[in-house]
Amino acid sequence: MNYNYYKIQLTKILCSFCLHATLHAQSSISHSNTCDTFSIVNKNNTSIIYYDASGFEVAYIASNLLAEDIERVTGKKPIVSIDKPKSKTAIIIGTQGSSAIIDKLIKKNINTRDLNGSWERYIYKTIKNPLPNVDEALVIIESDRRGTAYGVFDLSQTIGVSPWYWWADVPTVKRNELIINSVNLISKVPFVKYRGVFLNDEDWELKSWASKLMIKAPKPMKKFLNYYCV
């Protein structure tokens with residue numbers, strides 16, 4: 001069997017597990033930079049991505065994956081920082097109750113009542129002057145750790161990076177500037193609460209496929225787990 005055959009077959013398996021409803025259509029790309037938009041990347045500025053080091057590890061993972069996705073679209077990779085952002089614009093990522101800066105913003109002007117006790121949900125909100133030295137921020141607040149992954153990966157889809165970019169070689173539309181409409185929304189409750197996947201293979205064929213035809217085995221599994229969060 002060749003490389004493409006295995007990739008196609010595994011892609012079909014993964015497709016059956018796309019059970020999480022995303023909101024990317026509600027936070028669409030804008031073609032102009034106005035007072036009702038948020039600029040992730042423009043010719044003069046690239047937003048910093050901030051997460052709290054004291055929060056869950058998934059915030060670190062998701063923040064860096066988002067930076068890579070933004071680079072895929074624009075060719076510019078945002079700085080990912082645990083220091084309080086000092087930038088014209090910032091993307092601030094964190095789970096309520098585990099991020100000091102998120103909890104501070106919630107007390108200031110964000111209503112997260114619907115997130116309390118929720119499962120895998122998140123809020124998008126653009127805020128003017130959320131912090132000193134920051135003119136505007138896109139804040140992604142999550143109810144739990146998996147909500148962090150879903151919220152960030154949903155933004156990746158919004159900017160045009162398909163979950164299939166690696167597995168099915170779906171191309172990413174390139175843009176010089178990346179501007180989205182200002183948002184204030186909360187995700188829906190997942191349709192299925194518990195989701196799982198099992199590769200029924202004593203010595204998973206993915207390992208043989210990767211080692212013989214492509215790359216070391218851990219990378220496909222890492223990509224598999226990233227995809228499964230979408």
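Residues are described here as buried when their relative accessible area is under 20%, as exposed when it is over 50%, and as partly exposed in between (1.4 Å probe, protein chains only). Helices (H or I, at least four residues) and strands (E, at least two) are DSSP runs numbered from the N terminus. The structure is a predicted model, in which local features need pLDDT of at least 70 and side-chain atom pairs count only at pLDDT 80 or more, whereas totals for chains, interfaces and linings use all residues. Residues are numbered from 1 along each chain as its sequence is written, and side-chain values use heavy atoms, with hydrogens and water left out.

The pLDDT, the predictor's confidence in each residue on a scale from 0 to 100, averages 79 over the protein, and 70% of the residues score at least 70. Among the elements of the protein, β4 has the highest mean value (95) and helix α1 (residues 3-15) the lowest (49).

Six strands form an open sheet of mixed pairing, in the order β5-β4-β6-β8-β7-β10, where two strands pair if DSSP finds at least two bridges between them. Three bridges join β7 and β10 in the antiparallel sense, and Lys125 stands opposite Asn184 in β10. Helix α2 (residues 57-74) packs on the sheet, where it touches β4, β5 and β6, and its direction makes about 170 degrees with that of β4. Helix α4 (residues 145-158) also packs on the sheet, touching β6, β7 and β8, with its direction at about 75 degrees to that of β7. For these angles, axes are lines fitted to C-alpha atoms, for helices over the stretch in contact, and values run from 0 to 180 degrees between N-to-C directions.

In helix α3 (residues 100-109), the buried residues are Ile101, Ile102, Leu105 and Ile106. Seen down the axis of α3, these residues fall within an arc of 140 degrees and therefore line one face of the helix, the arc being that of the directions from the helix axis to the C-beta atoms. They pack against β4 (48-51), β6 (89-95), β7 (122-131) and β8 (134-142), while Ala100, Lys104 and Lys107 are exposed on the other side of α3.

Val73, which lies in helix α2, is buried, with a relative accessible area of 1%. Leaving aside neighbours within four places in sequence, its contacts include Ile159, Val161, Thr172 and Leu178. Val73 and Thr172 are 99 residues apart in sequence, yet 6.4 Å apart in space, C-alpha to C-alpha.

How values were computed: Contact = heavy atoms within 4.5 Å.
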